[in-house]
Amino acid sequence: MKFINVGFGNMIAADRVVALANPDSAPIKRLIQDSKDDGRAIDVTCGRRTRAVIITDSEHVILSAIQTETIANRLENNSSAEDDGAEDEEIE
């Protein structure tokens, strides 16, 4: 299982991520409020401004202070590292 850093030493399982979103739009703001009301919100911003919203396959909503693009790059690097590992195994 691969983990990615979502800020301040907090890690999430990369294979559980379904979507990344900016918190600025009204639908995402409603999603955040609904998840807080239901107890599905996980706030890892450490009191800073929310810059990315991560939605998981378990319908949890993770609020991060890291930019959406940065998290996307970390996910991309993580998946390409997995692909490289699979290719190395086939060559041997």
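Strands S5 and S6 pair in the antiparallel sense over four bridges, where two strands count as paired if DSSP finds at least two bridges between them, and where helices (H or I, at least four residues) and strands (E, at least two) are DSSP runs numbered from the N terminus. The model is a predicted one, in which local features need pLDDT of at least 70 and side-chain atom pairs count only at pLDDT 80 or more, whereas totals for chains, interfaces and linings use all residues. Residues are numbered from 1 along each chain as its sequence is written, and side-chain values use heavy atoms, with hydrogens and water left out.

**Strand pairing around S5**

- Ser64, which has its place in strand S6, counts as buried at 0% relative accessibility.
- Not counting residues up to four places away in sequence, Ser64 touches a set of residues that includes Val6, Val44, Arg49, Ala52, Ile54 and Ile71, contact here meaning heavy atoms within 4.5 Å.
- Thr56 is found in strand S5 and is buried, with a relative accessible area of 10%.
- Leaving aside neighbours within four places in sequence, Thr56 is in contact with Arg16, Val18 and Ile62.
- The side chains of Thr56 and Ser58 are joined by a polar contact of 3.1 Å, a polar contact being a pair of N or O atoms within 3.5 Å, of which, within protein, one must be able to donate a hydrogen and the other to accept it, while residues adjacent in sequence count only if both atoms are side-chain atoms.
- Thr56 and Ala19 are 37 residues apart in sequence, yet their C-alpha atoms are 7.0 Å apart in space.

**Salt bridges**

- A search of the whole structure finds two salt bridges, each defined as a side-chain nitrogen of Lys or Arg within 4 Å of a carboxyl oxygen of Asp or Glu.
- One of them joins Arg16 to Asp57, with the closest N and O atoms 2.6 Å apart; because Arg16 lies in the loop between S2 and strand S3 (17-21) and Asp57 in the loop between strand S5 (52-56) and strand S6 (61-64), the pair ties together parts that are 41 residues apart in sequence.
- Both partners are partly exposed, Arg16 with a relative accessible area of 39% and Asp57 with 45%.
- Arg40 forms a salt bridge with Asp38, where the closest N and O atoms are 3.4 Å apart, and Asp38 counts as exposed at 54% relative accessibility.

**Surface**

- Met1, Phe3 and Met11 make a nonpolar surface patch of about 380 Å²; patches are made of residues with over 30% relative accessible area and no salt bridge, like charges being joined within 9 Å and nonpolar side chains (Val, Leu, Ile, Met, Phe, Trp, Tyr) within 5 Å.
- Met11 is found in strand S2 (residues 11-13) and is partly exposed, with a relative accessible area of 47%.
- The accessible surface of the protein chain comes to about 5900 Å², of which 46% belongs to carbon and sulfur atoms; accessible areas come from the Shrake-Rupley method with a 1.4 Å probe, and for residues only the protein chains shown count as cover.

**Overall layout**

- The protein chain has two helices and six strands, which follow the pattern β-β-β-α-β-β-β-α when read along the sequence.
- Of the 92 residues of the protein chain, 29% count as buried.
- Among contacts between residues at least 6 apart in sequence, 49% join residues at least 24 apart.
- Taken along the principal axes, the C-alpha atoms of the protein chain fill a box of roughly 50 × 25 × 20 Å.

Terms used: Buried means under 20% relative accessible area, exposed over 50%, partly exposed in between (1.4 Å probe, protein chains only).
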